[in-house]
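Subject: Structure handover

Hello,

Here is the structure I promised you. Please open it first, then read my notes below.

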Amino acid sequence: MNDLLQIIDDITKYGLNPNLDIEDKEKDLEKHLVQLYSKYFEIQFKFDEIDYPDFEKTGLPNIRENVSKNFPHFGLYYNLMDLHELLKKPNLVVGDAVDDLTDIILDLLEIKWRNENNSEQDAWWYFEFSFYSHTQQHLIDLLNYMKNKNG
């Protein structure tokens, strides 16, 4: 869990603090996003069936605003829906790199909160659940955006 918590801190700093002075922020972020993705394959937990309290997002700083200040060149991008269906006409959609990182950070803050307030097992459970159902797509889209933006 300690490795995951360090990765969480390394990513969430961009949403918790405005105008961070870090050399090559995008490369730093990219490295930590890849580390986060690799942690998904290491998840092992025993579901403990305790009815824990829910995470409250109230009281958090304006994460989207801080992400925008740390990455002022992040913006909108095009993406394809149902990219795996080759015989259908592609459905072009608009994505938002700031929204992607904001959502990733919110998911990670909940994992950290669950570890601190509920249990380590609950945090691992939530990591698996949220990563597969939500975070993973934002992470892939954001990495793809960064690659295409930077060449």
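Start at the surface. Leu76, Tyr78, Leu80, Leu83, Leu92 and Val94 make up a nonpolar patch there, with about 690 Å² of accessible area together. Patch residues have over 30% relative accessible area and no salt bridge, and nonpolar side chains (Val, Leu, Ile, Met, Phe, Trp, Tyr) are joined within 5 Å. A salt bridge here is a side-chain nitrogen of Lys or Arg within 4 Å of a carboxyl oxygen of Asp or Glu. Areas come from the Shrake-Rupley method with a 1.4 Å probe, and for residues only the protein chains shown count as cover.

Strand E1 (76–81) and strand E2 (91–96) are the elements that give two or more residues to this patch. E1 gives the most, with three residues. Leucine 76 sits in strand E1. Leucine 76 is exposed, at 64% relative accessible area. (Exposed is over 50%, buried is under 20%, and partly exposed is in between; 1.4 Å probe, protein chains only.)

A word on the source. This is a predicted model: local features need pLDDT of at least 70, side-chain atom pairs count only at pLDDT 80 or more, and totals for chains, interfaces and linings use all residues. Residues are numbered from 1 along each chain as its sequence is written, and side-chain values use heavy atoms, with hydrogens and water left out.

Now the rings. The whole structure holds 15 aromatic pairs. Tyrosine 37 and phenylalanine 41 have ring centres 5.8 Å apart and planes at 45°, so their pair is tilted. Tyrosine 40 and phenylalanine 41 have centres 5.5 Å apart and planes at 70°, so that pair is edge-to-face. (Rings of Phe, Tyr and Trp, the last by its six-membered ring, pair if their centres lie within 6.5 Å; planes under 30 degrees apart are stacked, over 60 edge-to-face, the rest tilted.)

Tyrosine 37 is partly exposed at 23%. Phenylalanine 41 is exposed at 61%. Ring pairs link Tyr37, Tyr40, Phe41, Trp124, Phe127 and Phe131 into a cluster.

Last, the whole protein. It has five helices and two strands. Helices (H or I, at least four residues) and strands (E, at least two) are DSSP runs, numbered from the N terminus. Their pattern along the sequence is α-α-α-β-β-α-α. Of the 151 residues, 44% count as buried.

Best wishes

Conventions:
Patch = residues over 30% accessible without salt bridge, like charges linked within 9 Å, V, L, I, M, F, W, Y side chains within 5 Å.
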